[in-house]
Amino acid sequence: MQVRFFGSNGWIVGGTNGNPALFHSRDSGETWQLQNVNAAVGLFDIFFIGNCGWIAAERGTILKTNNGGEVWITEKTPTNEDLTSLFFLTPTEGWIGGDRLTLLRFSGGCKKFCVNGHSATNRLRLAQENK
């Protein structure tokens, strides 16, 4: 389970074995509402820039929203590995990490994913340096 806040908007992602769990708070965590993602995958991480958001999930699944999380669309990726972390610099430039050292580069508004994976048994985790 992962909890993240982007301003006063809070998100909880989780679930496993095809059972997603996504909760959203608009009031800094005072109340939470269950969100529908319309995908049968567990969710690992979430990231937002403005109204653009992404969720890293099981089996190479990325979910994307352009309307603050009201509707989530499944994006195709070139991997079946679990995607466990993500970070975006802009709404059109980001990276997604996952199992077996999978690293996907996202560019062009969900139009292209480039695989930089390796045949290993480790999980790649992305981290942001706070300055």
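Good morning. I begin with the aromatic residues: Phe6, Trp11, Phe47, Phe48, Trp54, Trp72, Phe87, Phe88 and Phe106 belong to one aromatic cluster. Please bear in mind that this is a predicted model.

I shall present two of them.

One is formed by Phe6 and Phe48; their ring centres lie 5.7 Å apart, and with 55 degrees between the planes the pair is tilted. This pair connects distant parts of the chain, since Phe6 sits in strand S1 and Phe48 in strand S5 (residues 43-49), 42 residues apart. Is Phe48 buried or exposed? Its relative accessible area is 8%, which is under the 20% limit, and Phe48 is therefore classed as buried.

The other pair is Phe88 with Phe106, at 4.9 Å centre to centre and 70 degrees between the planes, an edge-to-face arrangement. Here too distant parts of the chain are linked: Phe88 belongs to strand S9 (residues 83-90) and Phe106 to strand S11 (residues 102-107), 18 residues apart. Both Phe88 and Phe106 are buried.

Let me now turn to the sheet that contains strand S1. In what order do its strands run? The open sheet has 4 strands, arranged S1-S2-S3-S4, with antiparallel pairing. Strand S1 (2-6) and strand S4 (33-34) are the edge strands, each pairing on one side only.

Within this sheet, strand S2 (residues 9-16) pairs with strand S3 (residues 19-25) over 7 bridges, in the antiparallel sense. Gly15, for instance, has Pro20 in S3 as its bridge partner.

Note on methods:
Residues are numbered from 1 along each chain as its sequence is written. This is a predicted model: local features need pLDDT of at least 70, side-chain atom pairs count only at pLDDT 80 or more; totals for chains, interfaces and linings use all residues. Side-chain values use heavy atoms; hydrogens and water are left out. Two strands pair if DSSP finds at least two bridges between them. Helices (H or I, at least four residues) and strands (E, at least two) are DSSP runs, numbered from the N terminus. Rings of Phe, Tyr and Trp (its six-membered ring) pair if their centres lie within 6.5 Å; planes under 30 degrees apart count as stacked, over 60 as edge-to-face and the rest as tilted. Buried means under 20% relative accessible area, exposed over 50%, partly exposed in between (1.4 Å probe, protein chains only).
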